[in-house]
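Try each task before you read its solution.

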Amino acid sequence: MKLYKPDPNPEAEASRRRDLIGFLEQPSYRDVRVCPSCTVPCPCSHSPVCTCACGPDCISASVEMSSDGMRYPIEPKIAPLVFSFMSLRVCPPVWSCEGHMSPDGTLRRLPQVWFYTRSLVFARLIGDLLAYWHFKKQIANPWHICVSYSESESDTGFSLEPDVKMIDRLVLESLQQDVAVLSALLVSDARAFAQDYLDRYSSTG
């Protein structure tokens, strides 16, 4: 039974518009390096800022994206998705796991990425993308966005993870194959959805 319909809020809608426009104005990793502290010399000119080698396949990315890369580099099967989150520049990732099996063959940890965002419109946008990709059968399993732990009282943490309640049998290999698809689609499809959101706001405004 439907219980509540939010009243129109022009101020909140204007804020969402600004957030979406700001997101669409963010540079790509081809223009500005994703890892803010990366000074690895590039292969073409040995520049510490050139982006010629920047990308999800960068051999330094797993170290540069981690808060303690020498001891705890990002795990290889989740690193491309972490890179995609960093490429959004509005949803900084804070923790990741590629998924792990227990010695008895059961799934012990799910593949997931935790992230922050100062605007709820981006959590909504990524949630819509996950539903869209599953509906289009681009990913084999349903995934969703959950509110998660946050170290800061002023920030809200979210987790992108498999929707285990909707999956009859959890298979790590299948989930990791989904991760590869999510990594490849996240940035381009998020930008397309953001533009669609703005177009709809304009048509109803």
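This is a predicted model: local features need pLDDT of at least 70, side-chain atom pairs count only at pLDDT 80 or more; totals for chains, interfaces and linings use all residues.

Residues are numbered from 1 along each chain as its sequence is written, and side-chain values use heavy atoms, with hydrogens and water left out.

**Exercise 1.** Check the length of helix α1 (residues 10–24).

Solution. Helices are DSSP runs of H or I with at least four residues, numbered from the N terminus. The expected span is 1.5 Å times one less than the number of residues. For the 15 residues of α1 that gives 21 Å, and the end C-alpha atoms are 21 Å apart, so the two agree.

**Exercise 2.** Find which residues of α1 are buried, and which exposed residues its opposite face carries.

Solution. Buried means under 20% relative accessible area and exposed over 50% (1.4 Å probe, protein chains only). Leu 20, Phe 23 and Leu 24 are the buried residues of α1. They cover an arc of only 95° around the axis, which means that they sit on the same side of α1. The arc is taken from the directions from the helix axis to the C-beta atoms. On the face turned away from the buried side are the exposed residues Pro 10, Glu 11 and Arg 18.

**Exercise 3.** Name the strand that gives the largest share of the lining of the largest pocket.

Solution. Strands are DSSP runs of E with at least two residues. Strand β1 (residues 93–97) gives the largest share, 4 residues.
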